[in-house]
Number of protein chains: 2
Amino acid sequence: MEAKRATIKDVAEAAGVGVATVSRVLSGGSASPRTRERVLAVAAQLDYRPSALGRNLRQRRTGGIGLLVPDLTDTFFGQLAEGVLACARSAGEPVVLGSTGDDPEREAELVGMLLEQSVDRVIAVPSGGADTWTPVTRAGMTVVFAARLPAEPAADDDHGVTADLMLLDGVAPPSAGRAADVSAVSAVPAVLADDGAGVRTAVRYLRGLGHRRIAFLGGPGHDRRVAAFREAVGPPVDEELVVFATGSRDSAYAAASGLFQSRPDLTAVLAAGNVLGEAAVLAARELDLRVPRDVSLVMYDDVPWAELCSPPLTVIAQPGRDIGYRAAELVLRGGRRTRSVVLPTELIVRGSCGPRRQPY
Amino acid sequence: MEAKRATIKDVAEAAGVGVATVSRVLSGGSASPRTRERVLAVAAQLDYRPSALGRNLRQRRTGGIGLLVPDLTDTFFGQLAEGVLACARSAGEPVVLGSTGDDPEREAELVGMLLEQSVDRVIAVPSGGADTWTPVTRAGMTVVFAARLPAEPAADDDHGVTADLMLLDGVAPPSAGRAADVSAVSAVPAVLADDGAGVRTAVRYLRGLGHRRIAFLGGPGHDRRVAAFREAVGPPVDEELVVFATGSRDSAYAAASGLFQSRPDLTAVLAAGNVLGEAAVLAARELDLRVPRDVSLVMYDDVPWAELCSPPLTVIAQPGRDIGYRAAELVLRGGRRTRSVVLPTELIVRGSCGPRRQPY
DNA sequence: CGCTTCCATGGAATCGATTCCATCATGCTT
DNA sequence: AAGCATGATGGAATCGATTCCATGGAAGCG
């Protein structure tokens with residue numbers, strides 16, 4: 001009843017050949033048509049499937065790619081994961097999944113788990129910084145970052161931020177002070193959305209509508225977006241209008257609500273992720289602010305429900321699925337010397353932005 | 001530079017002991033405090049991590065649990081996956097993910113992949129029927145179904161449906177005709193939401209508001225929900241008001257739009273999943289039907305954006321995360337003789353349902 | 001006809017862990 | 001003091017595949 005799976009030895013015996021021959025036949029090596037046929041027949045009859053364990057152990061090459069995302073409840077990461085899965089499936093590779101919750105510690109723990117599983121190719125939406133990821137790449141793992149880059153160590157001035165932006169555009173950052181670690185990580189290929197352009201376009205759009213006091217509502221991993229925002233609106237940047245939440249929905253709501261209450265003079269908000277956008281809509285409604293009459297809203301991520309809101313949300317769309325798919329392609333190609341990929345974003349204008357209401 | 005990982009042999013040599021001793025120390029066997037200390041020190045210094053490959057091969061027991069969901073883009077499955085991941089993480093087990101797209105063929109292919117990986121514990125939101133899953137359980141895999149049961153073969157009358165409903169309520173179905181296959185699959189433990197109660201409550205609620213022509217908008221895997229719906233509204237059941245879409249968003253939209261257009265006399269819709277609810281809102285808006293004035297809407301799944309719609313959507317909430325977590329617990333316990341779990345649903349009344357407008 | 005070449009083939013080593021079993025030292029009992 | 005029990009320890013087998021290498025037979029060529 002408990003039929004244990006057939007091994008290569010069983011097949012060899014049943015076919016009256018040696019295990020080496022079976023292995024050769026199944027992996028396309030040379031064999032006489034006669035034996036090949038017989039081996040294939042026996043293998044089919046026994047429903048033989050080679051064990052990935054044995055193969056991987058011998059070849060010291062692991063199958064499988066690891067996927068680390070912050071939160072699968074966030075539709076964007078769901079899209080990204082679907083992209084990775086699609087590519088992996090067509091390559092016949094299994095995907096080992098981990099959810100980091102935007103917690104660098106959990107991320108490191110999950111990386112360790114992948115290492116134990118001998119998964120040596122990873123696609124990560126990183127939460128930790130270079131201190132997490134440099135050792136990983138040095139340990140021989142093939143890493144591809146998706147949608148984000150690891151946070152850089154806090155910069156004294158905003159020079160670091162500038163360097164980050166330049167990196168985004170494909171230009172190598174000037175070899176600055178703390179080059180050692182950063183360079184190891186920035187050599188890692190990445191698949192990113194063009195956050196610079198996305199944010200710039202959105203800010204320009206809001207400006208065109210007359211908005212001057214535009215707030216930024218960010219979360220973990222939105223460093224590049226806030227940097228682009230600062231560049232686009234300033235200087236001077238009204239720092240009170242730049243607020244950050246942690247990953248949770250509660251925190252996002254608190255941040256949004258706090259923002260609206262502490263600065264009733266703001267007229268537009270750029271939410272750097274769909275969870276934040278959701279929170280902004282909720283908070284605005286709670287405070288009886290009408291969108292877009294009282295406050296205009298642009299949200300990152302073109303999630304399906306953006307269209308369902310009333311008014312439908314104007315969004316910065318980034319191709320989540322494509323990001324995942326391309327990242328999987330890169331990690332499967334595995335070349336160290338693969339260049340990063342930046343995919344375009346698109347501002348999709350719906351109904352959540354209006355002209356600035358004149359103060360009276 | 002390409003430091004390959006340390007093996008148990010390296011540790012043994014460095015510590016001046018045999019490999020058996022190292023293994024014993026690391027897996028809690030007996031060893032003298034003196035050597036234990038030395039081995040641990042060396043292991044730490046070499047950053048040694050036992051390879052799961054070697055261990056699993058030897059023990060013929062695989063680590064890891066497989067997770068098969070239809071679509072990670074659907075927030076509900078994202079929640080479910082997060083639940084599974086949370087439980088797996090606390091047990092230190094890796095999770096291998098597959099997305100079936102509600103395609104039984106793809107599902108079967110993914111199961112084969114898991115088999116090759118020697119993953120013998122699976123949590124599945126099944127797309128295929130008993131013909132897919134019976135062989136799997138017979139092959140010795142520990143399977144737990146989540147959120148759904150495999151479709152039963154089409155019944156001649158609605159007797160099969162009734163049996164299914166009774167199973168849902170924890171009562172064994174009467175040993176009917178085609179018992180062989182079905183029983184093998186229905187012996188598989190499952191973690192389900194109480195769809196019967198959820199749908200019943202929703203229908204009763206709509207009836208209480210005066211609605212008589214209530215439509216059901218379903219998708220793949222909603223057999224139990226439609227059965228409960230039929231039972232709750234009928235007989236007689238107006239079959240034109242029961243429509244099904246395939247998994248895609250386009251198909252859902254087409255089904256919803258077709259429904260509204262072909263039967264303008266309907267006054268309420270029960271959408272059996274959040275993607276379908278989304279489609280219903282969209283289609284209604286496109287056809288200038290006001291919710292809830294012209295048509296009332298109840299949606300399955302309390303996704304975060306349900307509150308963002310205007311009006312906010314009345315939903316049947318099912319605890320996606322809990323379903324995943326409990327399913328993971330069951331599959332880890334691994335007992336054949338585990339009973340299924342049915343978790344409660346809750347009708348959350350918001351603003352998408354109103355009294356039936358009197359025809360004039 | 002004899003030699004070389006080439007191909008099919010099977011035995012055995014290997015990957016990294018666990019675990020059975022034999023060995024040896026130590027301490028305790030009678 | 002001798003024998004026995006106990007516990008620490010290392011060697012070797014094992015898991016299921018791949019792959020190196022040796023062997024043997026057939027075919028080709030001078």
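**Reading the interface of chain A and chain B**

In strand β2 of chain B, B:Val96 is the bridge partner of A:Val96.

User: What should I know before I start?

Analyst: This is a predicted model, where local features need pLDDT of at least 70, side-chain atom pairs count only at pLDDT 80 or more, and totals for chains, interfaces and linings use all residues. Residues are numbered from 1 along each chain as its sequence is written, chains are lettered from A in the order in which they are written, and side-chain values use heavy atoms, leaving out hydrogens and water.

User: How do β2(A) and β2(B) run, and how many bridges join them?

Analyst: Strands are DSSP runs of E, at least two residues, numbered from the N terminus, and two of them pair if DSSP finds at least two bridges between them. Here three bridges join β2(A) to β2 (residues 95-99) of chain B, and the strands run antiparallel.

User: How is the size of an interface given?

Analyst: Often as the accessible area lost when the parts come together. With a 1.4 Å probe and summing over both parts, chain A and chain B bury about 4900 Å², 57% of it from carbon and sulfur atoms. In chain A, A:Leu53, A:Arg89 and A:Leu308 lose the most area to chain B, together 15% of what that side buries.

User: How many salt bridges cross the interface?

Analyst: The rule asks for a side-chain nitrogen of Lys or Arg within 4 Å of a carboxyl oxygen of Asp or Glu, and it finds three across this interface. A:Arg89 meets B:Glu109 in a salt bridge, at 3.4 Å from N to O.

Definitions and conventions. Buried area is the accessible area (1.4 Å probe) that two parts lose on being put together, summed over both. Helices (H or I, at least four residues) and strands (E, at least two) are DSSP runs, numbered from the N terminus.
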